[in-house]
Amino acid sequence: MPNDAADATNLIVDATTATFAAEVMEASRDQLVLVDFWADWCGPCKQLTPVLESVVASYGGTVKLVKVNVDENQAVAAQLRVQSLPTVYAFKDGRPLDGFMGAQPESAIREFIARCGGEEAGAADLDAALAAAEEALEGGALQDAAGIFAAVLQDDQYHPRALAGLSVCYLRSGDADRAEQTLALVPPEKANEAEVVSARAAIELAKQAEDAGPLEELQAAVTANPDDFQARLDLALAAAAAQSKTKAVDELIEIFRRDRTWNDDAARKQLLKFFEAWGPKDAATIDGRRRLSALMFS
């Protein structure tokens with residue numbers, strides 16, 4: 001797709017008879033183009049156009065809106081047999097695919113875009129938005145991440161990945177109850193998706209950490225007695241709750257190194273819970289798995 005397709009200033013434009021071929025026919029070879037035929041005197045047009053603009057903007061450059069004033073560009077309207085206003089046509093690969101007449105709600109416009117081949121583009125935009133939210137979350141920008149997750153949920157209130165992400169935002173902001181309530185909205189058939197499983201594990205770890213004790217006191221107990229494995233395990237939980245993942249892994253690896261069978265293999269089992277909560281791509285998960293494997297097979 002050309003770079004200007006992603007430029008917000010080119011996503012919503014006005015066209016004339018002279019520019020119609022370039023703005024619509026040519027542009028539609030790179031992206032789905034919606035053409036909104038309207039007039040100043042048309043009441044329903046004034047209702048529809050703002051909704052069209054909002055929907056198109058949400059697709060982040062994969063869908064374009066071209067507005068044509070029929071009173072000023074009668075030749076184009078006549079060529080496409082526009083008989084009532086508002087009329088919207090979808091163009092792809094230089095030709096019209098489908099259209100509708102009259103004001104429509106946002107949901108109907110999104111269905112129309114999907115039917116005309118914009119569904120894949122919308123899915124790509126959704127994945128990009130979720131990836132950006134998850135990156136913000138890992139970077140500690142909780143408000144930014146929560147805003148993106150919430151925006152996704154406005155379109156799909158039961159989206160599992162967005163619900164899981166928002167749940168973790170609440171959890172890291174200290175609101176474990178709301179985190180649990182949010183995750184409970186995930187449909188049962190989506191409960192085993194990776195992000196949902198990770199969020200659920202993170203909530204369970206937070207509950208464990210509540211009973212572990214203050215980080216400073218636990219560190220002091222371990223320093224005083226390095227073989228106090230329960231204090232060391234609790235220290236790992238407290239460190240994980242504070243997002244000190246490397247510290248959490250270090251403490252559990254040390255337990256496993258000193259006595260891998262302690263408390264029915266508790267250190268290894270706790271490490272696996274961490275890995276589940278953090279996800280397979282997390283740097284601490286990757287490092288922890290490597291170190292655990294090295295000890296297990298040494």
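Let us begin with Thr 49, which lies in helix H2, residues 43-58. Helices here are DSSP runs of H or I with at least four residues, strands are runs of E with at least two, and both are numbered from the N terminus. This is a predicted model, in which local features need pLDDT of at least 70, side-chain atom pairs count only at pLDDT 80 or more, and totals for chains, interfaces and linings use all residues. Residues are numbered from 1 along each chain as its sequence is written, and side-chain values use heavy atoms, leaving out hydrogens and water.

Is Thr 49 buried or exposed? Thr 49 counts as buried because its relative accessibility is 13%; buried means under 20% relative accessible area, exposed over 50%, and partly exposed in between, with a 1.4 Å probe and protein chains only. Leaving aside residues up to four places away in sequence, Thr 49 touches Asp 36 and Lys 67, where contact means heavy atoms within 4.5 Å.

I turn now to the whole chain. The protein chain contains 13 helices and 5 strands. Of its 298 residues, 45% are buried. Among contacts with a separation of 6 or more, 63% join residues 24 or more positions apart.

Finally, the overall dimensions. Along its principal axes, the C-alpha trace of the protein chain spans about 85 × 35 × 30 Å.
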